[in-house]
Amino acid sequence: MWLWQRPLIASDPDEDHAFKVTNYMALDGLLSKLQQRIIRVEGMVGDAPHYQLAQVGFSAQILDEGQVLLGAVGAFDWSGGVLLYDTHSRRGRFLNQTVEDARGAQYSYLGYSVAVLHKTCGLSYVAGAPRHKQRGAVFELQKESRETDFALVLEGEQMGSYFGSELCPVDVDMDGITDLLLVAAPFHHIQGEEGRVSVYRVNHQDGSFTLARTLSGHSRLPYARFGFAMATVGDISQDQLTDVAIGAPLEDFGADDGAGFGSVYIYNGHSTNQLVDLSTHQPQRIRASAVAPGLHYFGMSVAGGLDFSGDGLADITVGALGRAAVLRARPVVRLKVSMTFIPEALPIGFHGGVKVHLCFERRSGTTVAESGLGETSLNFTLDVDAMKQRKRMQCSDERQCQSSLRKWGAGPQLCEPFLLLPTEKQLCQEDCFSSIIVKVSYQLQTPEGRTDHPQPVLDVHSEPSAYFQLPYEKACKNKLFCIAELQLDTTLSQRALVVGLTKELTMNISLTNSGEDSYMTSMALNYPRNLQFKRIQKPPSPNIQCDDPKPEASVLVMNCAIGHPILKRSSAMFSLVWQLEESAFPDRTANISVSITNYNENRSSVSKTHSLWFKHAFIAVLPKPSVMYLNTSQALSYHREFLFDIYGENPFGAKFQLQICVPVKLQGFQLIRVKNLTKTQADTVCTQKQEPACGSNPVERVEEWHSVSCDITSDKENVTVSAELSLSQSEQFRRDVTELAILGEISFNKSLYEGLNAENHKTKITVIFLKDEEVYSLSLIIQSSVGGLLVLIVVIAILVKCGFFKRKYQQLNLDSMRQSQLKSDSLLEEEN
């Protein structure tokens with residue numbers, strides 16, 4: 001700044017307000033001097049410096065008994081406060097957070113907004129402090145309390161959001177008790193400054209606050225500043241519930257279309273199960289461009305609850321830059337729709353016509369709505385047998401059902417007759433039990449060009465349609481509906497399935513209806529894709545018809561009709577048979593589920609689910625046990641190869657392990673050293689290690705083993721272990737150790753695979769050590785033979801000498817002579 005510019009900027013006279021300093025320390029003296037001048041000008045003494053910039057009236061709330069609640073955001077160095085002023089006595093009481101904590105609460109702006117809550121325990125004053133700890137807060141003070149300081153009750157979440165800049169208490173059901181407290185944070189930011197309003201529910205018992213939900217404006221407009229202004233606007237929806245307007249003055253800002261920017265959102269009161277709230281379903285959004293062209297910052301202030309037009313409906317005033325707009329409420333019409341049928345229920349086999357009487361009764365609580373209906377028409381349509389592709393009944397005059405435009409008369413009702421006829425000669429072929437649904441859709445149609453008063457509208461929170469049922473007579477206790485009682489029982493032939501071994505799977509199903517008639521009883525069967533449906537074994541009655549299986553997600557779905565159309569009180573027992581595909585199944589488990597449903601008015605549903613476990617079969621065969629001989633007299637060291645030849649079938653890529661156990665250390669002596677390991681398949685992975693135990697069966701006397709473990713996924717494999725055997729020269733060792741066994745064993749995860757020919761999963765190669773033996777001469781063998789022969793001759797001679805052979809011969813001769821004598825005697829007798 002140039003020196004000549006200072007007199008132009010300073011207040012007059014220049015000599016009292018323009019200073020030239022050469023040292024910054026002089027600024028403290030100038031500040032003190034200026035403060036004293038300001039205080040002297042305002043005439044304040046005592047605590048006056050705390051209120052010199054209080055800005056009393058920044059926010060205001062008129063209370064009962066002539067009291068006013070005024071916000072003073074600048075008091076106590078902008079920590080703020082609230083002034084409770086009595087207009088009769090013209091005296092006030094200042095309320096803030098705490099006088100002692102004024103420095104800690106500096107720049108909180110307490111009193112930026114003020115409001116009064118009507119609680120069951122009495123009145124409560126609340127004040128917003130949007131800059132409290134940079135996040136904003138809401139403070140509360142009970143009127144009946146002796147305390148004079150506000151207490152913190154709600155805190156903001158986001159820095160710079162200006163939480164608490166606007167407060168709006170809402171008595172939704174108009175019972176004199178505050179139900180909700182709306183707290184605005186218009187600078188709440190996600191992408192820009194979208195703004196957000198927090199809805200807190202006021203507990204009627206203890207007066208505490210609970211966050212119910214948050215409200216926000218249009219999601220694609222990031223600089224709306226939703227919540228910049230809020231107000232209750234009375235009952236504009238004419239449902240005896242309070243409605244709320246929330247302004248978003250920067251919505252559509254920057255569109256550069258000249259139509260203006262800013263919006264106001266209307267949230268209607270809502271009551272459900274004795275719980276009042278604001279309806280968040282499709283709030284009405286009023287844009288500046290829809291009100292008048294050129295409106296800027298539309299929604300920067302809102303007010304409502306007053307009837308400016310004198311039509312008995314609450315109007316809304318919305319502020320904009322330099323302008324204000326008054327929005328008139330439209331009368332809301334609520335209709336009660338009724339329909340009667342003659343006959344009231346259709347007998348089975350009915351083929352006549354049905355007379356229908358449709359009536360609309362208006363239920364509006366305002367005279368302006370009733371007067372407006374006199375110039376309004378009702379357009380309605382009928383959808384007969386709705387939600388059915390194949391219609392069973394239709395209007396005798398299709399044009400009348402497709403669109404009927406009727407003008408309201410002077411009475412409260414508008415009625416119209418219809419005639420329904422069967423679409424075929426026979427009313428139905430299968431579906432003779434489910435009610436015929438008639439859907440009535442309607443809308444108001446107002447005359448064009450009338451702008452002198454608002455036209456009535458239907459309640460936006462009520463669906464402009466109604467449904468009516470024309471039932472069939474039932475052969476049940478109640479003529480209009482039947483209650484079926486379905487019981488389902490299912491069993492599986494097996495749950496553990498082995499791919500490659502299991503051929504078929506059977507499910508036995510027993511369905512019993514122990515109640516009244518069950519209509520259109522259907523079964524939905526879900527099963528894994530590796531099961532191929534083969535056949536169904538069913539009884540002659542009831543009739544069971546099944547569709548072809550259809551893929552759905554990762555399963556197959558088959559639908560069956562059981563006893564259509566009516567399943568009487570009976571039982572159905574049938575079986576389903578699947579064939580298991582011989583292909584790899586990726587999952588370990590799968591489910592088969594059976595669901596039975598019907599189409600009775602009170603639908604019955606039963607279901608059962610079975611879990612299946614899948615394994616994959618393989619065949620792996622080890623060679624039979626073999627023997628290998630070693631002559632210890634020839635050498636003490638040998639090089640040998642131990643071959644383990646595996647062959648079989650592995651079509652599903654089952655992974656199994658071959659473990660080879662080579663004993664390497666006995667009695668402290670290193671007997672075998674494994675030199676090399678070879679295999680024939682590239683995808684086979686082998687590992688080797690030394691361990692004190694090996695194999696599934698323990699072997700005594702072996703102190704250390706060389707373990708070879710190979711992961712195999714192929715059909716064939718040859719694993720060869722090359723080793724060097726070194727025998728000890730100790731005689732004791734050679735006497736004790738006569739043989740060794742090299743073991744081979746196949747193992748696998750039994751939860752995933754099923755190994756066939758399990759008896760061939762173990763083998764061994766036995767190494768037998770031959771001992772040294774004495775060599776006998778040929779002469780010794782001959783001498784031994786001759787000696788034995790001489791002994792035999794001597795024995796025979798002794799027997800002959802003793803008459804052993806002679807006595808036997810004499811006995812034989814005597815027997816022969818006796819037989820000859822007997823023959824001679826017999827011949828003589830025959831001649832005589």
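**Note on strand pairing and a surface patch**

1. Lys439 has Tyr467 in β32 as its bridge partner. The model is predicted, with pLDDT of at least 70 needed for local features and 80 or more for side-chain atom pairs, while totals for chains, interfaces and linings use all residues. Residues are numbered from 1 along each chain as its sequence is written, and side-chain values use heavy atoms, without hydrogens and water.

2. Strand β32 (residues 465-470) runs antiparallel to β30, and six bridges join them. Strands pair when DSSP finds at least two bridges between them; strands (E, at least two residues) and helices (H or I, at least four) are DSSP runs numbered from the N terminus.

3. Strand β30 (residues 436-445) also pairs with β26 (residues 377-384), in the antiparallel sense and over eight bridges. Within this pairing, Gln445 of β30 stands opposite Ser377.

4. An open sheet is formed by three strands in the order β20-β21-β22, with antiparallel pairing. Its edge strands, β20 (301-306) and β22 (323-327), each pair on one side only. Strand β21 (residues 315-320) is joined to β20 by five bridges, and Ile316 in β21 is the bridge partner of Gly304.

5. Ile782, Val786, Leu789, Leu790, Leu792, Ile793, Ile796 and Val800 form a nonpolar surface patch with about 740 Å² of accessible area together.

6. Leu792 lies in helix α10 (residues 778-801). Leu792 counts as partly exposed because its relative accessibility is 49%, between the limits of 20% and 50%.

Technical notes. Patch = residues over 30% accessible without salt bridge, like charges linked within 9 Å, V, L, I, M, F, W, Y side chains within 5 Å. Areas by Shrake-Rupley, 256 points an atom, 1.4 Å probe, with all protein chains shown as cover. Salt bridge = Lys/Arg side-chain N within 4 Å of Asp/Glu carboxyl O. Buried < 20%, exposed > 50% of the residue type's maximum accessible area, 1.4 Å probe, protein only.
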